[in-house]
Amino acid sequence: MNTFPLAPLILVFPVIGILFNGLIGRRFVTANRKTGERWSGWFATSMVIAAFIVSLSLFGSEISNGYHAVIVPLFTWISIPAANFYVPWALQIDTLSVTMMLVVTGVGALIHIYAIGYMHGDPNYSRFFAYFNLFIFFMLILVSANNYLMTFVGWEGVGLCSYLLISFWWDRVDENGVPMNANAGRKAFIVNRVGDFAVIIAMTMLFWTFGTLDYEPVFERAVEFFVEGRMVTIGAATFSIDAIVTIVTALFLLGVAGKSAQIPLYIWLPDAMAGPTPVSALIHAATMVTAGVFLIVRSNVLYELARISDVQFFGTISSPELVAYTGAFTALLAALIAFTQWDIKKVLAYSTISQLGFMVAAAGMGAYVAAMFHLVAHAFFKALLFLGSGSVIHGMEHGHHEVAHGHGDDGFDPQDMRTMGGLRHRMPVTFVVYMIGALALAGIVPFAGFWSKDEILAHSQRHVFLVFLALIIAAVGTAFYVGRQLQLTFFGKPRSEAADHAHESPWIMTVPLMVLAFLTTIGGLMNMPFFTRQISEAHDGHPEGIWLALEAWLEHSIHSFEYAVEGVVNLPKTPVVLSPLVAGLSTVLAILGLAVGFMIYRRNPKTAEDPDPLQRTPIWWLSILPLNTFYMKGVVPAFNRFAHWLAFPFEWNFWHDFVHNNLIRDTFVSFANFLANVIDTEGVDGVVNGTGKVTRRLSQALGVLQTGYVRTYALSVFLGAVALIIYFLFLAR
Amino acid sequence: MPSSVTIEWYVALSVILFTMGALGVLLRRNAIIIFMSVELMLNSANLLFVAFSRYLSDLNGQVLVFFVITVAAAEVAVGLALIVVIFRTRHSINIDDVNLLKG
């Protein structure tokens, strides 16, 4: 008994939610605020829970089906028989997509529940849930697609939802009247567009090379072509299949950099914190931003072929290595930037970029299972941290509301960690769960983050030392900023009256936090070694000697494992046994980082106005690293100037005035004038009038012959007769 | 036919008659006179037909003369009718007065 035919329901339920909240939810809320909110929020949430239940049943079916991928066709989307090109709308239910579905709907459902409380009182309550369901819908399309184009639909759709939800409070302006939330949404959308462009080119190349966009045929043909060493002609150029996989995977990397906020396109994610905190938790931490990692893991066969491709960047760096370096460097840079942030959510935003860097680096090094492991673990603990920070912000806002007695808009920032402090007494539940999430992020045993991060570190230590170095420094940095944040937020004494009067959030917000904290605590079990046979070095990295739950589960979707056994690709093996050296080192360094963070921020700052203790040290130079300054002072004005140049000198003066008015219009007008005044009046009229004129002249000339005297006619007849006679007599002989 | 009057005499007479007729047509202005001159030209031709018919012993010439006489009679009938009509409208048969088609 399997439930695969039910798979389309995971898409149907969110659609029902969208329709309910999009069409009639608002009426419920405006009619009766309290029950309306309950209906709107719980309806959307129940749809996600329903999708989660379907995902669970698919999980069971996958197990009973022997982990084989099942394609559930819905309909044919694009059909071009002449080119033998078909794009179906079909769901690929395999272990990878089911994993993602469970994360998206599971974490999504918890965040929906949390949002019911968090969004309480918002004037656009039902619109928020309509967008939230829309996001779940597109995210499920993205992960369940059986072809690149359908994934791309989800990819664009979640980008749209990201834009809609970042600028959810689009009418908020900063002190200069700049609509910063709307701008943040636009920034996210436009920056992602750069990456999407690369994905489109990559898909076009895949279609051209393999004649299909379906995942399984693309991978099969890629391996087949690769083994043959086939050449591919695109336009005037001919590429080897080695070049094709390298170019395609490198283009995917650019798309991943956009979606998963990697260098150089990570700049949109910190600004995306302008959205409501549940959005930051669901979209910008747990699910959407992991789509890039998912794309790499999904395309693992292409990446493994690119690893052994003849065509490499600078002759030595293969495309997946480029992915690994990008991820590692992003992880390091973002972890360092997080040192200098005051906004509780901005710290988490840079932390997300950093952790995504870990995942991307893992995927680039061929540790696909480790990447997915960290993805799932990160979804738990980062959703927990974001929701926890939302709870803190919520508490601070209420505390401020109580103190300010309705003075309202006095520029108080409830997200600034300098105004916090001592919240562990005011918000005990939030404190405990936040602590769990933070320790997981820092990589402390036994929380999920330790296990997943350690797997990545162990893999990098074995295979790419440079990446290992970057990641271990990033891990220390992570521990440091986590310690700093915990100290500033929860320990010490309150540095503002608002913090002193902060309250714990309602149960509807704390219960999802507790569930996530539980998942964060036990999440490491997902991929811990379960002893089935003896552990031996010979079986290291191979699931025969040792059984890792997540690896045994995912290896059925990651075809590189099979191709590695066949000897087609050279998949780097991930150590399955805890490496004492790496685990010990990372734990010691994490504790050290946390301790330093706690110590430095224990005494200072004492008040909200105090500078950061690090402000006089060279470490503070990192504050220039966010590159916001660079982008805002350098890139944006340059782009504006370019846009202005495009708009005015180029578009208006050159294109409009010169090309349109002078070249096209004036040429056409003079041509029309030539036709009207020369060809028509002179030519056509001349022919007509000339015919008349010639006829008249001719008739006048001939009229002279008509004298009116009969004698003249008689004489001409006579002379004619004489002429005839002369002709016949003398000339006709 | 006495042999002293040879075919040359008939031809010469015919030429004289034809020339007189032609000159009459070209020089006179009275329509009746012009008409009579035309008759003279026709009859000079008839004379020549008859003379050659006799000279060549071929009756075809004499047959043609009858045709010419018939056509001349018809022509006279139409022509005189026209002259009568012209006279009635213009009170003149001077052909120089009839010049409406002058170009």
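## A loop residue in chain A

In which loop of chain A is Asn84(A) found? Asn84(A) sits in the loop between β1 (70–80) and β2 (85–93) of chain A, where helices (H or I, at least four residues) and strands (E, at least two) are DSSP runs numbered from the N terminus. Although Asn84(A) is not a glycine, it has a positive phi of about 55°. Asn84(A) counts as exposed because it has 8 C-beta neighbours inside 10 Å; by the rule used here, a residue is buried if 20 or more other C-beta atoms lie within 10 Å of its own, exposed if 12 or fewer, and partly exposed in between, with C-beta atoms placed from the backbone.

## Basis of the model

This is a predicted model, in which local features need pLDDT of at least 70 and side-chain atom pairs count only at pLDDT 80 or more, while totals for chains, interfaces and linings use all residues. Residues are numbered from 1 along each chain as its sequence is written, and chains are lettered from A and ligands numbered from 1 in the order in which they are written.

## Chain A as a whole

Chain A has 26 helices and 6 strands, and its C-alpha atoms fill a box of roughly 145 × 70 × 55 Å along the principal axes. Its radius of gyration is 37 Å, whereas a compact globule of 733 residues would have one near 27 Å; the radius is taken over C-alpha atoms, and the globule rule is 2.2 Å times the number of residues to the power 0.38. Buried residues make up 49% of the 733 residues of chain A. Of the contacts in chain A with a separation of 6 or more, 79% involve residues 24 or more positions apart, two residues being in contact if their C-beta atoms, placed from the backbone, lie within 7 Å.

The domain assignment divides chain A into domain 1 (1–146), domain 2 (147–626) and domain 3 (631–731), with bounds that come from an automatic or database domain assignment. The C-alpha centres of domain 1 and domain 3 of chain A lie 72 Å apart.

Just after α6(A), Gly211(A) takes a positive phi of about 70°.

Helix α15 (residues 368–404) of chain A has 37 residues and reaches 51 Å from its first C-alpha to its last, close to the expected 54 Å, with a bend of about 25° at His378(A). Because 31 of its 37 residues are buried, α15(A) is largely enclosed by the rest of the structure.

## Backbone details in chain A

Thr233(A) belongs to strand β3 (residues 231–234) of chain A and counts as exposed, since it has 10 C-beta neighbours inside 10 Å. Its C-alpha atom is separated by 38 Å from that of Thr99(A), 134 residues apart along the chain.

## Chain B

Chain B has 3 helices and 0 strands, and its C-alpha atoms fill a box of roughly 55 × 25 × 25 Å along the principal axes. The radius of gyration of chain B is 17 Å, whereas a compact globule of 103 residues would have one near 13 Å. Of these 103 residues, 14% count as buried, and among contacts in chain B between residues at least 6 apart in sequence, 45% join residues at least 24 apart.

Ser57(B) is placed in the loop between α2 (31–56) and α3 (60–90) of chain B and has a positive phi of about 55° although it is not a glycine. Ser57(B) counts as exposed because it has 7 C-beta neighbours inside 10 Å.

## The interface

In the model, 12 residues of chain A are in contact with 9 residues of chain B. On the side of chain A that touches chain B, the largest share, 5 residues, comes from helix α26 (residues 710–731) of chain A. By class, this side has 7 nonpolar, 4 polar and 1 charged residues, where Ala, Val, Leu, Ile, Met, Phe, Trp, Tyr, Cys and Pro count as nonpolar, Asp, Glu, Lys and Arg as charged, and the others, Gly among them, as polar.

Key. The expected span of a helix is 1.5 Å times one less than its number of residues. The bend at a residue is the angle between axes fitted to the seven residues ending there and the seven starting there.
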